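This report describes the fold, surface, cavities and selected local features of the structure shown here.

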Protein chains: 2
Amino acid sequence: MAEVMTNLSRKEQVIRMAAELFKEKGYSAASMRDLAQKLGIEAASLYSHIKSKEEILRTLCFDMAAEFRASLSEVEKQNVSVSEKLRLGIIGHVKVMAKDLTASAVFMNEHRHLSQPYLRDFLLLRINYINRFKTIIEQGVSSGDFKKDIDTKLAVMTLFSSLNWMPAWFSPDSTIEPEKLGQQLADMLIDGLKQKA
Amino acid sequence: MAEVMTNLSRKEQVIRMAAELFKEKGYSAASMRDLAQKLGIEAASLYSHIKSKEEILRTLCFDMAAEFRASLSEVEKQNVSVSEKLRLGIIGHVKVMAKDLTASAVFMNEHRHLSQPYLRDFLLLRINYINRFKTIIEQGVSSGDFKKDIDTKLAVMTLFSSLNWMPAWFSPDSTIEPEKLGQQLADMLIDGLKQKA
DNA sequence: TGACAAAACTAACAACTGTTAGTGGAAGAA
DNA sequence: TTCTTCCACTAACAGTTGTTAGTTTTGTCA
């Protein structure tokens, strides 16, 4: 038990460092020797902890995916108005990202380096997640909460684009809390910039 | 003269193919042998046309940057309302991207592989461009066109995030014209999703 | 035809890639 | 003590990387 804990802890340390490196240099440009150096060990020693470079990427991508899905499931259960549901979905997404900005950045930008069949699985998970948001928006259009002439595909892609670049510019030592940031983002996307006449 | 044309044409062909490859696999994962194969020649033959792999990336990034800046300068000259100016800026940005989606994707996702001092120069250009958009939004807040409680930094980053992921999901054979897409995007960001009460 | 430039070729380089095999030390449990 | 597990090591592999030097083919124009 204690050994398992220690092992996991060391393995997780490797994965965390790898996430930082992948975020900084990109998956392909980050070498196992770079990673080893960051940990103060030899490259070959990494393989006491992980099976391969790609296994690290898989872990990072699929763990994040699971968190996003869990967050959205929680929101879907709630019995609230559509625009509130969208708002909660956005806030949940932001919170998950904020919990680990580094892993989020890797999840967002490096997943394409997964090999098959993992890449396919990953993309399926992602499209499912996006479609669940799209459904919320469509419900809003039907119910009259949102404008009737909205292109829902465009809307949902815009939404995700805004969300997904957050790790690139949001600094972890920012004074603003994730909850608040999500709130503001939701406001902006739902209500727009313009002063109501 | 004719020789120069031919030379340029072939060099541009190399750069175009490289853009596709860089977009697909990422700059680091794309090898010069991959690129050569796409052109039906040997890797070493590429060096009759270009100085180095990074020179290609530089060309792609800085040429796109110049186009974005030119587009925005055009808009800034116009004597129109603030929200119209923002709208025009967005449409211009979308049009520039749509003219070459492949190069845009590289510009967006691969610029970090530039070495110094080019990377620094690139980032300075980018921040200048972003700040000019931010100024427009700030003017809108001052003039009362936009809401007073807007976080302009958040607003401008959200704007760019939405814009910048477009190359990733916008298909070139889409029926929608860039002009129209830019229009819709601007509507969404400025007016929001919500039906006005 | 001959000259010239563009654009391709072959061969090779040094460095770097992810990964494996096999080894040994350290620490805790028996 | 001895056994086991974790975690590091050295040495080496086969393949790939960007790039160079030098040469030959190709096409155009005088």
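## Cavities

Across the whole structure, a search finds two cavities of 30 Å³ or more. Here a cavity is a set of points, on a 1 Å grid over the protein atoms alone, where a 1.4 Å probe fits but cannot get out, whereas a pocket is an open set with protein on both sides within 12 Å along at least five of seven lines; lining residues have an atom within 4 Å of a point. Grid points are joined across faces, edges and corners, and a volume is the space filled by probe spheres set on the points.

This is a predicted model, in which local features need pLDDT of at least 70 and side-chain atom pairs count only at pLDDT 80 or more, while totals for chains, interfaces and linings use all residues. Residues are numbered from 1 along each chain as its sequence is written, chains are lettered from A and ligands numbered from 1 in the order in which they are written, and side-chain values use heavy atoms, with hydrogens and water left out.

The largest cavity holds about 80 Å³ of space, and of the 17 residues that line it, A:Glu110, A:His113, B:Glu110, B:Arg112 and B:His113 lie nearest its centre. Its lining has four nonpolar, seven polar and six charged residues, where Ala, Val, Leu, Ile, Met, Phe, Trp, Tyr, Cys and Pro count as nonpolar, Asp, Glu, Lys and Arg as charged, and the others, Gly among them, as polar.

## A pocket in chain B

The second largest pocket has a volume of about 430 Å³. Its lining consists of 17 residues, and those nearest its centre are B:Ile15, B:Arg16, B:Leu60, B:Asp63 and B:Asp100. At least two lining residues come from each of helix H1 (2-25), H3, helix H4 (82-99) and helix H5 (101-109) of chain B, with H1(B) giving the largest share, seven residues. By class, this lining has seven nonpolar, two polar and eight charged residues.

## Chain A as a whole

Chain A has nine helices and zero strands, helices (H or I, at least four residues) and strands (E, at least two) being DSSP runs numbered from the N terminus. The C-alpha trace of chain A spans about 65 × 40 × 35 Å along its principal axes. Of the 197 residues in chain A, 48% are buried, a term that means under 20% relative accessible area, with exposed over 50% and partly exposed in between (1.4 Å probe, protein chains only).

Helix H5 (residues 101-109) of chain A is mostly covered, since seven of its nine residues are buried; among them are A:Leu101, A:Val106, A:Phe107 and A:Met108.

## Cysteines and an exposed serine

The count of disulfides over all chains comes to zero, a disulfide being a pair of cysteine sulfur atoms within 2.5 Å. A:Cys61 is buried because its relative accessible area is 0%, and B:Cys61 likewise counts as buried at 0% relative accessibility.

B:Ser48 lies in the loop between helix H2 (32-39) and helix H3 (53-77) of chain B, and B:Ser48 counts as exposed because its relative accessibility is 60%. Its C-alpha atom is separated by 15 Å from that of B:Ala18, 30 residues apart along the chain.

## Cis peptide bonds

In chain A, the peptide bond from A:Gln116 to A:Pro117 is cis, with omega near 5°, and A:Pro117 is placed in the loop between H5 and helix H6 (118-143). In chain B, a cis peptide bond joins B:Gln116 and B:Pro117, with omega about 5°; B:Pro117 is found in the loop between H5 and helix H6 (118-143) of chain B.
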